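Thanks for making the time this morning; I would like to walk through one structure with you, going from the overall picture down to individual side chains. Please have the sequence and the model open while I talk.

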Amino acid sequence: MWGRVRNWFDPDEVRQVGSTPDYRFSLANERTFLAWIRTGLALIAAGLGVAQFLSPLPIPHLREILAILPIAVGAGCALRGIDHWIRCEVAMRTDRPLPPSRFPALLALVVAVSALLAVVYVIADATR
């Protein structure tokens with residue numbers, strides 16, 4: 001695991017593995033990484049928006065908890081993005097299949113549950 005983390009900061013070691021793939025695949029891999037970063041930033045912004053603009057809730061500290069969750073998931077997105085980028089780059093260089101990931105399904109679940117909670121909040125707020 002620490003070897004992979006070291007590769008986040010020293011990609012030259014990754015370039016020494018296997019053979020150089022078609023640059024289009026490496027660039028596509030990089031664009032995917034940037035999409036993970038954008039998603040992470042959007043989740044962090046959403047968490048900050050919840051913390052700043054959500055009305056006080058009847059349960060103490062519930063607003064803070066609801067703000068921290070997307071911020072934490074956003075940080076996880078950024079870390080998952082760099083890890084997946086390195087793993088895919090190594091796989092392409094060594095002619096192995098790209099590594100599978102369950103993280104998109106987990107992220108989709110978190111976003112769907114957050115959307116449902118937001119709908120419940122809006123409806124409850126409108127009926128008050």
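Let me begin with burial, where a residue is called buried under 20% relative accessible area, exposed over 50%, and partly exposed in between, with a 1.4 Å probe and protein chains only. On that scale, 27% of the 128 residues of the protein count as buried.

Before going further, a word on where the numbers come from. This is a predicted model, in which local features need pLDDT of at least 70 and side-chain atom pairs count only at pLDDT 80 or more, while totals for chains, interfaces and linings use all residues. Residues are numbered from 1 along each chain as its sequence is written, and side-chain values use heavy atoms, with hydrogens and water left out.

Turning to the fold, the protein has five helices and zero strands, where helices (H or I, at least four residues) and strands (E, at least two) are DSSP runs numbered from the N terminus. Read along the sequence, this gives the pattern α-α-α-α-α. If we take contact to mean heavy atoms within 4.5 Å, then among contacts between residues at least 6 apart in sequence, 66% join residues at least 24 apart.

The pair I would like to look at is α3 and α4. How do the axes of helix α3 and helix α4 cross? With axes taken as lines fitted to C-alpha atoms, for helices over the stretch in contact, and angles running from 0 to 180 degrees between N-to-C directions, the axes of α3 (residues 23-53) and α4 (residues 62-93) come within 7 Å and cross at roughly 175°. That makes α3 roughly antiparallel to α4, given that angles under 35 degrees count as roughly parallel, over 145 as roughly antiparallel, 65 to 115 as roughly perpendicular and the rest as oblique. The residues of the contact between these two helices divide into 21 nonpolar, seven polar and three charged; here Ala, Val, Leu, Ile, Met, Phe, Trp, Tyr, Cys and Pro count as nonpolar, Asp, Glu, Lys and Arg as charged, and the others, Gly among them, as polar.

Now to some side chains, starting with leucine 43, which lies in helix α3 and counts as buried at 14% relative accessibility. Leaving aside neighbours within four places in sequence, leucine 43 is in contact with Pro70, Ile71, Val73, Gly74, Cys77 and Leu107. The C-alpha atoms of leucine 43 and isoleucine 71 are separated by 5.9 Å, although the two residues are 28 apart along the chain.

Leucine 107, for its part, sits in helix α5 and is buried at 11% relative accessibility. Not counting residues up to four places away in sequence, leucine 107 touches Trp36, Thr39, Leu43, Val73 and Cys77.

Helix α4 also holds arginine 80 and histidine 84. Arginine 80 counts as buried at 14% relative accessibility, and, with neighbours within four places in sequence left aside, is in contact with Arg87, Pro100, Ser101 and Phe103. Histidine 84 is buried, with a relative accessible area of 14%, and touches Pro99 and Ser101, again not counting residues up to four places away in sequence.

Taking a disulfide as a pair of cysteine sulfur atoms within 2.5 Å, the count comes to zero disulfides.

Finally, the backbone of two loops. Most residues other than glycine have a negative phi. Histidine 61, in the loop between α3 and α4, has a positive phi near 65° and is exposed, with a relative accessible area of 59%.
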